[in-house]
Amino acid sequence: MFYKKCFILALQYIKWYNYSWFSVTNRCVNDMKDGVLSLEKFVINGKKPLLGEIYISGAKNAAVAVIPAALLIDGACRIENVPDISDVRILRDVIRQLGAEMEYIDKNTIIVNSHNLNSYKATYEMVRQMRASSYLLGALLGRFKRAEVAFPGGCDFGFRPIDQHIKGFEAMGAKVEIEHGVVKLSADKLVGSQIYLDVVSVGATINLMLAAVRAEGTTVIENAAKEPHVVDVANFLNAMGANIKGAGTDIIKIKGVDVLGGQVAHSIIPDQIEAGTFMIAAAATKGDVTIRNVIPKHMESLSAKLIEMNVNVIEGEDWIRVVGRDEICKANIKTLAYPGFPTDLHPPTAVILCMANGTSTITEGIWDSRFQYVDELKRMGARIKVEGRIAVIEGVSRLTGAPIKATDLRAGAAMVIAGLAAEGTTEIYDIKYIDRGYEDFEQKLRNLGADIKRVIE
Ligand code: EPU
């Protein structure tokens with residue numbers, strides 16, 4: 001363990017000393033984080049208001065769909081504003097094992113070249129760390145008319161079914177078999193079809209778009225998800241020659257085309273959930289933060305709730321300023337598909353409501369089990385009861401620092417916000433979850449005046 005720590009410190013030193021080593025050393029440090037390391041923790045000295053400006057990175061949930069989408073063409077795509085997070089690095093390793101190339105031009109710009117893509121099989125070993133691996137199904141089915149992809153590893157918040165994806169692939173003429181934990185799809189040809197999703201699913205909507213762009217005829221997805229990243233993926237596919245209309249509404253029409261390709265370039269949209277996390281952090285620490293590179297329309301459900309909580313939210317064209325006030329008012333929230341309140345902002349929002357002047361509720365409308373963060377917040381003095389899918393949060397006058405852990409990505413972000421708002425020192429373990437989805441998280445917070453450091457145990 002001692003030698004591993006020395007090795008990582010040495011790599012970080014080299015990275016700082018000579019930026020030209022970036023691609024080598026950064027990859028080594030990150031690979032250590034992805035694969036081996038879960039020895040890091042955040043140490044936060046709280047009760048400091050966040051002040052200043054931050055710039056939001058590209059959206060994780062768009063990037064992890066756009067990269068598989070790039071496998072649909074026999075050529076190269078340039079993708080900009082890609083967040084530098086571990087989910088993207090894991091995806092890079094997976095598509096390389098399938099024969100595609102993914103090269104970094106700089107920290108946030110990649111070229112995906114699928115000319116040599118030669119496999120439609122992604123094993124459990126390849127995808128076990130990546131929850132978005134299901135997008136390989138639609139992309140490889142569209143490209144090869146065959147796909148074999150293992151179900152991804154354990155779940156953050158309950159069972160994550162893919163029955164709606166499968167129903168749609170079958171409607172397009174694919175044969176579906178599930179054997180030994182692997183979903184196997186094959187089709188002589190894909191045909192356009194009318195598909196009504198029984199539940200609004202981001203994953204199924206995107207996956208079916210990926211397959212349908214190469215089907216014969218028109219596919220209509222009804223009750224489609226309207227999330228901003230669904231629209232971003234559709235824009236990327238259209239840039240490569242697809243014919244998709246209606247993304248962002250609940251009916252999407254995809255007219256299949258014979259050829260996709262050309263000079264494809266795309267820039268990923270700003271991350272709605274990262275922006276929301278910083279908005280909540282600003283309010284919870286009673287700070288004053290201007291969040292740049294954001295699409296305020298994507299933030300409407302959160303902005304409205306923060307205003308209800310007595311937080312001052314000012315919007316510009318591509319920025320939002322959040323100014324916290326001493327008194328936080330209680331609120332009742334229900335998470336819903338977009339444009340409703342995002343489930344991924346549920347745990348961070350619970351933190352601010354812990355400090356509100358009364359009893360609030362958060363009803364989880366998307367996932368069965370998203371309350372693992374509750375026990376951790378209780379260690380910090382929070383008063384929360386969970387009744388079925390509802391968290392009943394009784395406001396307390398203060399949270400106090402404690403050793404806690406990140407139980408999943410967004411719960412991890414919530415723990416950081418709690419540590420920033422609490423009195424004293426908070427240590428957060430299992431921060432590998434946070435690295436999955438937030439680029440330079442602690443550095444961005446430090447730039448706003450937070451006292452947070454990453455410590456290797
Ligand atoms: N569902 C089904 N059958 C399906 C698919 C989904 O019943 O075939 C249900 C799920 O059980 C859930 C609901 O439909 O109750 C919504 O699931 P959805 O398919 O929309 O979720 P997802 O595509 O697996 C994406 C995000 C999640 C985010 C959800 C909801 C990505 C990579 N992940 O997941 O983001 O919570 O949408 O908005 O886009 C995160 O970023 O931390 C994260 C977990």
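## Ligand shell

Gln164, Ser201, Val202, Asp344 and Ile366 come nearest to the ligand, out of 23 residues around it. The model is predicted.

Domain 1 (38-57 + 270-456) and domain 2 (60-267) each give at least three residues to the shell. Four helices each supply at least two shell residues: α3 (60-69), α7 (163-171), α8 (202-212) and α14 (409-421).

## Polar contacts and cover

For Ser201, the distance from a polar side-chain atom to an oxygen atom of the ligand is 2.6 Å. In Arg410, a side-chain N or O atom is 2.8 Å from a ligand oxygen. For the side chain of Asn61, the corresponding distance is 3.1 Å. On its own, the ligand has 830 Å² of accessible area, and the protein covers 86% of that.

## Salt bridges across the sequence

The model has 30 salt bridges. One of them joins the side chains of Glu40 and Arg454, with N to O at 2.8 Å. Glu40 sits in strand β1 (residues 40-45) and Arg454 in strand β24 (residues 451-456), so this pair ties together parts 414 residues apart in sequence. Glu40 is buried, at a relative accessible area of 5%. The pair also belongs to a network of salt bridges, which links Glu40, Asp435, Glu442 and Arg454.

Lys405 and Glu376 form another salt bridge, their closest N and O atoms 3.7 Å apart. Here, too, distant parts of the chain are linked: Lys405 belongs to strand β22 (residues 403-405), Glu376 to helix α13 (residues 373-379), and 29 residues separate the two. Glu376 is buried, with a relative accessible area of 4%, whereas Lys405 is partly exposed at 36%.

Lys297 bridges to Glu300, and the closest N and O atoms lie 3.6 Å apart. Lys297 has a relative accessible area of 52%, so this residue counts as exposed. Glu300, at 44%, is partly exposed.

How values were computed
Residues are numbered from 1 along each chain as its sequence is written. This is a predicted model: local features need pLDDT of at least 70, side-chain atom pairs count only at pLDDT 80 or more; totals for chains, interfaces and linings use all residues. Side-chain values use heavy atoms; hydrogens and water are left out. A salt bridge is a side-chain nitrogen of Lys or Arg within 4 Å of a carboxyl oxygen of Asp or Glu. Buried means under 20% relative accessible area, exposed over 50%, partly exposed in between (1.4 Å probe, protein chains only). A residue is near a molecule or strand if one of its heavy atoms lies within 4 Å of it. A polar contact is a pair of N or O atoms within 3.5 Å; within protein, one must be able to donate a hydrogen and the other to accept it, and residues adjacent in sequence count only if both atoms are side-chain atoms. Accessible areas come from the Shrake-Rupley method with a 1.4 Å probe; for residues, only the protein chains shown count as cover. Domain bounds come from an automatic or database domain assignment.
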